[in-house]
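Try each task before you read its solution.

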Amino acid sequence: MKLEELKLLTYDIRSDIVEMIGRAESGHPGSSLSMVELVTALFFEIMELRPDEPDWPERDRFVLSKGHGVPALYSVLARAGYFPLDKLRELRRLGSPLQGHPDYSRLPAVEASTGSLGQGLSISAGIALSACHLDKNFHSFCLLGDGELNEGQVWEAAAFAAHHKLSNLTAIVDYNKFQLDGPVDEIMQMEPMVDKWQAFGWEVQEVDGHDLEQVVEALHWTKDSDHLPRCLIAHTIKGKGVSFMENNNKFHGKAPDQQELADALAELRKARQEVAG
Amino acid sequence: MKFEIGLATRDAYGEALRDLGDEYSDIVVLDGDLSQSTKTYMFAEKFPERFYNVGIQEANMVGLAAGLASSGLTPFVSSFACFLTNRAYDQMRVSVVYPRLNVKFVASHGGISGGEDGATQQSIEDLALMASLPEMVVCVPADEHATRALTPQLMEWESSCYLRTGRPRAPIVYQPGVDLKIGRAEVLREGTDLTIITCGLLVAEALEAAEALAAESFSVEVVDCHTMKPLDKKTILQSAQKTGAVVVAEEHQVWGGLGSAIALLLGENFPVPFKLIGIEDTYAESGTGEQLLDVYGLTSPYIAEAARGLLS
Ligand SMILES: Cc1ncc(C[n+]2csc(CCOP(=O)(O)OP(=O)(O)O)c2C)c(N)n1
């Protein structure tokens, strides 16, 4: 897909996110909006996938370790053709496969059940390890929150992956500088971020997580490794794309009300039109 | 039967903890990046120097509490019930309970009534896990008044305690200032045909079921067993001896919770016809709290139906 088309898609995905969460009257808009370019690049540019055959054994794998950002993933999956777009209306509804957090057993293409933060990178490392055993070439991607990096298990997985030279494993950090109760640097400082990953034996690149060109290029780089796992630190803005949600942690886990939803959709529509020209 | 809807028990806990801070200067509060949800932020605002938001790291948080407790402070540790009891269970076991340290664990979002976030954020194993730790006190208050009554009493216990609070606003079943005692079950309604024993959010459901059954001329006793451990054996046995039939209802899976504890007590001492209403061998899902309580069979009609089964 051309970069301009990808860019336009990010506005549609952001609209899906606020609309789904607004309709469900619960969810995590800020956390979902910051990761849009990352999952867009992965699903439309980087990963080898067959949406009509979700369990294709050669497919690349994506684990959303920060499971509360799942509306962004659902939108991307729908737009990639895994299921019809109107299913997005079912977010968080009783009986829906679109659970409040990713549910491996209910929705094909969800590669792991997450929602208890800190567990995804271990699963992704296990997946990467399985490729070696099965003599397959697939790549394992994991998306983590910056607050999530507080969890010790993340660093256990990081040490394991480097020790076993899991070059088919990529960690992506959605570095939006906020966690639930406030800014990461006030609650549990994770700087120096790049040094930490490097010290654990990973190769690291930093990008602007909303610059699609940079993100795509850097993800190609992480996928190309032949000796070590690679980590992408994506500097992002929590709530990106909706001005009153940007860097406003009130929208970490609060749905927009009717007026806010209308305002958000109008803003995204206008921004999309400006890009579309 | 209509109950006034009160505060969520987590809100009442936040207030009670804040007030307790005045009385006890040795209380230190730890939270794992959920202080807005567990309501420990109220304590944090008043006593910032005695509050630590440790970030998203439950295992480390419980270890820190062990260190604080071994030096004589009284840590109150909070997160969601699912994360605190599941992610830090071994730290509770080896760092806190085995050395007999005194840490107060207070976890919100107990049960499935947390709702839309789905199964990973709900907690249907916490009572089983906590009760399995030797000498651990395990409490589940029903409403805001019960929470206010029980919270200060945590300080009276020298062993570690677990108090489960809930996310949704809770129906009021007690009067303000009610005299509840940790370890003493409360007979809320007297009856002679059958006993319903329950805790937490389901106390109101049990009272409603009893009311419905009264209309069918059954006399049903309702016991709020807000302390699962130590279990008030005397009150429960007396009630079972009087009525000869027991239904237990709990917002927990059926393995290892309040119902299991009571079945053990009755089985050993005074077997009576018995039915346990809980979540069967499954996880729940996303939905509103009210929907889930209904779909997973925990509301008053299900409790009444179970009672009818034993009464007929
Ligand atoms: C083990 C665990 N503890 C606590 C939570 C509650 N929680 C949900 S989101 C969140 C903050 C996540 O922050 P971050 O990883 O920075 O992601 P962001 O939402 O900022 O993208 C917390 C503490 C959880 N889901 N899992």
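A residue counts as near a molecule if one of its heavy atoms lies within 4 Å of it. This is a predicted model, in which local features need pLDDT of at least 70, side-chain atom pairs count only at pLDDT 80 or more, and totals for chains, interfaces and linings use all residues. Residues are numbered from 1 along each chain as its sequence is written, chains are lettered from A and ligands numbered from 1 in the order in which they are written, and side-chain values use heavy atoms, with hydrogens and water left out.

**Exercise 1.** Find which residues come nearest to the ligand.

*Solution.* Start with the 24 residues around the ligand: Ser31(A), Lys66(A), His68(A), Asp146(A) and Phe178(A) come nearest.

**Exercise 2.** Locate polar contacts of the ligand (pairs of N or O atoms within 3.5 Å).

*Solution.* Begin with the ligand's oxygen atoms: one is 2.8 Å from a backbone N or O atom of Gly147(A), and one is 2.9 Å from a polar backbone atom of Glu148(A). Then turn to chain B, where a polar side-chain atom of Glu58(B) lies 2.7 Å from a ligand nitrogen.

**Exercise 3.** Count the residues in contact (heavy atoms within 4.5 Å) between chains A and B.

*Solution.* On chain B there are 24 such residues, and they touch 26 residues of chain A.

Conventions: A polar contact is a pair of N or O atoms within 3.5 Å; within protein, one must be able to donate a hydrogen and the other to accept it, and residues adjacent in sequence count only if both atoms are side-chain atoms.
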